[in-house]
Amino acid sequence: MNERKNKLMIKQKWLWGILLLILIVSIPGVINRWQAESANDKYEVIIPYNEIATVVEESDLTLDEVLSTLADAGLTSVSIEPVSLEDLEEQNVLSVYEENELADSLLFTQYEGAVDTEEPGYYATVPEEPYYQDFITENLQTEEVTIAGKPFYFIPSSTDHFEVDMPFGYDQSIVDHLDAQGLMVVFRTTNMESDAAIAKIVQQLVELKDDNKLGLLGSGTEVIGFGHPDQDAWIQDLQQAGYSFYTIEGSQLKGEYNLARTFEYDMIRLHSIDVNKQTNLTVTESVDRTTRAVKERNIKSIFYHIKTKGDAEENLDEAVSYLTDVQDKMPAHFILGAPEHFEKISVPAWVTALVLLAGMIFMYLICELIKVNKLRILAVLFMALLTVAYFVLNKVLFLQAFALIIAVLTPIYAVIKSAKGSTRIRDIFVQYVKAIGISLIGIYIVIGLLNGNGFVTGYEVFRGVKLVYVIPIAGIVLFTFFQVYEISKNGLKGSLNTSVTLLNKEVKYWHVFLLMVVAAVGYFYIGRTGNSGSVSELELMFRQWLENLLYVRPRTKEFLIGFPFFVLALYVMGINKKWGTILLIPGVIGFLSIVNTFTHLHIPVSVSLLRTLYSSVLGFVIGLVFIVIFKIAAHYFTKAKTRWS
């Protein structure tokens with residue numbers, strides 16, 4: 001028996017050695033990602049032109065004064081939208097009338113009947129400025145007519161599905177003002193029904209392109225040209241002109257995924273901060289959100305909105321404060337300037353093949369928990385099937401499925417494999433490091449497979465995040481059930497009988513207390529799962545303090561819940577194995593959380609590693625505090641029990 005056990009141990013050591021060797025050889029893939037993320041160090045702040053124009057209209061400042069003030073404070077770019085006749089009317093450049101509206105205004109005058117109401121369309125008064133006259137006639141199919149002695153431009157509604165609110169071109173005078181202040185331009189684009197209108201917009205964009213014209217930021221719900229037969233040709237023209245394409249975080253447009261794939265994911269990630277919608281957002285909070293987005297989420301473009309309500313000059317001052325504070329608080333290795341695409345993250349096929357092989361070996365090792373050799377072989381064969389399917393069909397879905405299986409099983413294996421109790425701190429530390437190490441191996445396999453520009457830019461994602469939160473806890477609960485009721489020893493029938501006996505027992509006060517502790521931990525954990533959990537103002541301040549101090553904030557559920565409970569569980573297992581095993585349930589939270597951290601693939605690897613290092617160190621230290629508290633509580637509990645027994 002001992003000889004067989006020794007052979008198994010030797011086999012295990014060989015497998016671990018081979019696994020580590022394969023991971024070391026495959027490291028170029030992850031290094032390429034690290035280098036691409038590190039080199040992408042430029043960021044910009046964009047403010048929309050229409051909000052700048054509002055400040056000018058509602059204050060005594062000129063446009064050049066406002067632009068100069070913002071540029072001096074750190075503004076790099078301004079977004080401008082294509083102009084419609086409706087926009088020009090709001091700017092008092094001209095007036096627009098529908099045919100019936102103009103005809104009605106001439107009733108009971110000598111010009112009654114001068115408007116042909118049989119031909120629907122719009123009548124625009126001819127602007128006084130020659131610039132706008134040329135702007136309209138060059139970009140719209142107009143017919144100059146005279147009605148009641150006044151010149152009008154007539155644009156039939158039937159011409160390219162024309163509507164008064166349909167954009168038809170970018171105002172060159174605005175572009176010239178921005179160029180004069182050294183500000184870069186980002187053009188907003190929108191999809192339209194008219195092929196001819198889109199073609200004209202694309203042609204104008206190509207003609208406007210120079211070094212100061214950065215890229216195209218979609219508005220509305222669709223990418224420009226979406227659903228049109230000429231979309232590919234238009235997009236190709238814009239790409240060849242040298243434009244970058246922006247993607248708004250959390251607001252993907254229809255057709256954007258295909259656009260990103262066409263350009264091999266050469267997209268610039270943008271985060272929007274709208275103080276007009278989030279009225280309670282302070283300058284400090286906006287600055288914190290900006291720095292966090294740039295350093296933690298591979299976002300290199302911030303779209304900041306100036307307040308449009310209240311005193312215009314005060315709103316301008318607030319925008320200036322935001323811009324200057326961003327520069328003061330942004331880490332020094334990030335540079336204010338024109339953002340760039342990520343360098344091509346090269347992941348050779350042989351690297352992916354090695355990581356997949358490592359994943360199959362790791363799966364075999366994980367399946368030692370099952371103790372049924374046939375199931376171990378079936379599990380590895382299934383992973384091999386996913387591998388073959390990926391290389392044959394070239395579908396990233398199979399890599400995502402492979403990575404998901406590794407991600408959900410890694411925390412379970414890390415906890416169970418390291419669950420050897422001891423009252424010696426040195427032994428606890430060894431098992432703790434062992435659990436972290438196993439977790440990092442699983443994490444390496446996940447990020448080694450889901451690697452490349454598509455994942456860094458957020459278009460390709462890790463699928464199954466919620467399962468990473470649920471399955472590891474369920475797995476440890478099942479493991480605890482097996483250990484406490486000794487199913488392997490008594491069989492399933494015996495364990496069921498034990499369960500019935502337990503349910504018939506009286507509930508004691510300590511049972512209620514334990515249930516309350518578990519409920520409190522569960523509530524705390526659930527409240528911090530995802531992005532919608534409620535957090536108190538005091539905790540937000542504590543989080544921000546940690547972030548300011550440590551560059552990135554370690555996750556609360558890791559260093560305050562998961563890791564400390566795991567350390568405590570190892571100590572308690574050295575005294576009472578069953579009670580210690582129960583404490584592994586909250587303990588697994590720390591390990592599933594660090595796996596989850598790395599599955600957010602748009603977060604730089606360096607940031608995730610630093611966050612995990614902080615959590616691991618703080619979690620162990622707080623775990624030691626948990627042990628001290630446990631020893632004190634156990635001491636007083638024993639004294640009280642002796643007194644009252």
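**Notebook: loops, a sheet, a patch and salt bridges**

I started with Glu 264, which is partly exposed at a relative accessible area of 47% (buried is under 20%, exposed over 50%, partly exposed in between, with a 1.4 Å probe and protein chains only). I am working on a predicted model, where local features need pLDDT of at least 70, side-chain atom pairs count only at pLDDT 80 or more, and totals for chains, interfaces and linings use all residues. My numbering runs from 1 along each chain as its sequence is written, and side-chain values use heavy atoms, leaving out hydrogens and water.

**Entry 1: positive phi**

I noted Glu 264 for its phi of about 55°, a positive value although the residue is not a glycine. I found Glu 264 in the loop between helix 11 (256–262) and strand 10 (267–273) (helices are DSSP runs of H or I with at least four residues, strands runs of E with at least two, numbered from the N terminus).

I then turned to Asn 298, a residue other than glycine with a positive phi near 55°. The loop that holds Asn 298 runs between helix 12 (283–296) and strand 11 (301–304). Is Asn 298 buried or exposed? I have Asn 298 down as buried, at 2% relative accessibility.

I looked up an open sheet of four strands, which has the order 3-4-6-5 and antiparallel pairing (two strands pair if DSSP finds at least two bridges between them). Strand 3 (96–98) and strand 5 (143–147) stand at the edges with a single partner strand each, so one side of each has no neighbour in the sheet. Neighbouring strands here are turned by 35° against each other on average, direction ignored (axes are lines fitted to C-alpha atoms, and angles run from 0 to 180 degrees between N-to-C directions).

I also checked strand 4 (residues 121–125) against strand 6 (residues 150–156): the two run antiparallel and are joined by five bridges. For Ala 124, I found Tyr 153 of strand 6 as the bridge partner.

**Entry 2: a nonpolar patch**

Which residues make the nonpolar surface patch of about 520 Å²? I listed Ile 370, Val 372, Leu 375, Ile 377, Leu 378 and Leu 381. Patch residues have over 30% relative accessible area and no salt bridge, with nonpolar side chains joined within 5 Å and like charges within 9 Å; areas come from Shrake-Rupley with a 1.4 Å probe. I placed Leu 378 in helix 15 (residues 373–393), and Leu 378 is exposed at 51%.

**Entry 3: salt bridges**

How many salt bridges does the structure hold? I have 11 (a side-chain nitrogen of Lys or Arg within 4 Å of a carboxyl oxygen of Asp or Glu).

Lys 42 pairs with Glu 340, their closest N and O atoms being 3.4 Å apart. Lys 42 lies in strand 1 (residues 42–48) and Glu 340 in the loop between strand 12 (335–336) and helix 14 (349–366), so this pair ties together parts 298 residues apart in sequence. Lys 42 is partly exposed at 29%, and Glu 340 is partly exposed at 42%.

I next looked at Asp 179 and Lys 213, whose salt bridge is 3.3 Å, N to O. Asp 179 sits in helix 8 (residues 172–180) and Lys 213 in strand 8 (residues 213–218), so parts 34 residues apart in sequence are tied together. Lys 213 is buried at 1%, whereas Asp 179 is partly exposed at 28%. Asp 210 joins Asp 179 and Lys 213 in a network of salt bridges.

My last pair is Asp 288 with Lys 329, at 2.1 Å, N to O. Asp 288 lies in helix 12 and Lys 329 in helix 13 (residues 312–329), so this pair ties together parts 41 residues apart in sequence.
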